[in-house]
Each structure stands twice: as C-alpha cells, then as structure tokens.
Amino acid sequence: MPYGQTSTSSLADILERVLDKGIVIAGDIRINLLDIELLTIKLRILVASVDKAKEMGIDWWEHDPSLSSRHTGSPLEQENRRLRAELEDLRGRLGPAEPETEAAPDEEAGGRPGGRRRGSAP
C-alpha cells in the first residue's frame with residue numbers, strides 16, 4: 001500500500017472477517033514472589049461466529065440451561081422426568097386410589113399383647 005493511502009476496510013468488514021475465520025488470543029499471567037509461584041492465570045479466548053465454532057466442534061452454549069431453551073437437563077433430571085411420567089401412567093391404569101386399609105388389630109391396640117392399651121378397661 002503506497003504511503004498516505006488509507007484503508008477502505010470498515011470496522012464491519014474487519015469484524016466479518018474475524019468472525020468468519022476465527023481468532024484465538026492466548027496468554028498467561030504469572031505472579032511470583034522470590035521464585036515461588038503464587039498465582040497463574042491462563043487466558044484462552046476464541047472469537048468466532050457460531051457457525052465457525054460449530055465447525056470446530058464447540059457448542060457448549062447449546063447444553064447450558066441458562067443459555068439454551070432446548071436444554072433438556074442433566075441425565076439425572078431426564079431420568080427423574082421419565083420415572084415420574086411412568087408413575088403417573090401406572091396410576092392412571094390402576095384407576096382411582098383406594099382408601100387406606102385399617103390397621104391390624106395389634107397396631108390398633110398399641111402393639112400390646114392381648115389387644116388392650118394401657119389404662120383401657122378390660
């Protein structure tokens with residue numbers, strides 16, 4: 001490019017190229033004191049379009065419940081939903097719930113032999 005000639009690329013053109021191709025920014029920050037490593041921060045930043053990220057096999061946002069309406073939950077949540085649906089189906093097949101059965105005679109009498117409770121008349 002000759003001296004003094006300005007670039008005709010706009011910010012939108014540059015952004016479009018970056019998103020189409022993708023760009024990786026990597027860096028490390030280390031804090032040492034007397035040759036003792038106190039803190040290390042590793043930064044890895046990828047700037048790309050969603051389509052480009054999917055081409056690279058990156059799709060974590062599709063499985064994050066706070067970012068995706070299509071997220072189905074963890075395997076445990078899925079199993080819980082399946083079991084609840086199965087339970088409701090079985091309850092529907094059995095019909096209306098029967099009233100609770102009465103307690104056995106020993107249980108009614110407080111579990112004491114002879115069927116009498118303490119303080120009750122013979």
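Reader: Which residue meets Asp89 in a salt bridge?

Author: In this predicted model, the side chain of Asp89 takes part in a salt bridge with an N to O distance of 3.1 Å. The partner of Asp89 is Arg93.

Reader: Is Arg93 buried or exposed?

Author: The relative accessibility of Arg93 is 64%. A residue counts as exposed over 50%, and therefore Arg93 is classed as exposed. Asp89, by contrast, has a relative accessible area of 38% and is partly exposed. The class of Arg93 is exposed.

Reader: What is the N to O distance in the salt bridge of Glu86 and Arg82?

Author: Glu86 and Arg82 are four residues apart in helix 3, which covers residues 75-94, so they are separated by about one helical turn. Glu86 is partly exposed at 41% relative accessibility, and Arg82 is partly exposed at 44%. Their side chains meet with an N to O distance of 2.9 Å.

Reader: How many residues apart are Glu88 and Arg91 in helix 3?

Author: The side chains of Glu88 and Arg91 form a salt bridge at 3.2 Å, N to O. Glu88 has a relative accessible area of 48% and is partly exposed; Arg91 is likewise partly exposed, at 48%. About one helical turn lies between Glu88 and Arg91 because their spacing in helix 3 is three residues.

Reader: How many salt bridges does a search of the whole structure find?

Author: Among them are the pair Glu86 and Arg82, the pair Glu88 and Arg91, and the pair Asp89 and Arg93. For the whole structure, the search gives a total of five.

Reader: Which element gives the most to the nonpolar patch?

Author: The patch lies on the surface and consists of Ile29, Ile31, Leu33, Leu34, Ile36, Leu38, Leu39, Ile41 and Leu43, with about 860 Å² of accessible area together. The most, five residues, comes from strand 2.

Reader: What is the relative accessible area of Ile41?

Author: Ile41 is found in strand 2 and is a member of the nonpolar patch. Patch residues have over 30% relative accessible area. Ile41 is partly exposed, so its value falls between the limits of 20% and 50%. The relative accessible area of Ile41 is 34%.

Reader: Where does Leu34 lie?

Author: Leu34 is part of the nonpolar patch and counts as exposed, with 77% relative accessibility. Its phi is near 55°, a positive value in a residue other than glycine. Most residues other than glycine have a negative phi. Leu34 is placed in the loop between strand 1 and strand 2.

Reader: What is the phi of Asp35?

Author: Asp35 is also in the loop between strand 1 and strand 2. At 82% relative accessibility, Asp35 lies over the 50% cut-off and therefore counts as exposed. Asp35 has a positive phi although the residue is not glycine, and the value is near 60°.

Notes. Residues numbered from 1 in each chain as written. Predicted model: local features only at pLDDT ≥ 70, side-chain atom pairs only at ≥ 80, totals over all residues. Heavy atoms only, no water. Patch = residues over 30% accessible without salt bridge, like charges linked within 9 Å, V, L, I, M, F, W, Y side chains within 5 Å. Areas by Shrake-Rupley, 256 points an atom, 1.4 Å probe, with all protein chains shown as cover. Salt bridge = Lys/Arg side-chain N within 4 Å of Asp/Glu carboxyl O. Helix = DSSP H or I, 4+ residues; strand = E, 2+ residues; numbered from the N terminus. Buried < 20%, exposed > 50% of the residue type's maximum accessible area, 1.4 Å probe, protein only.
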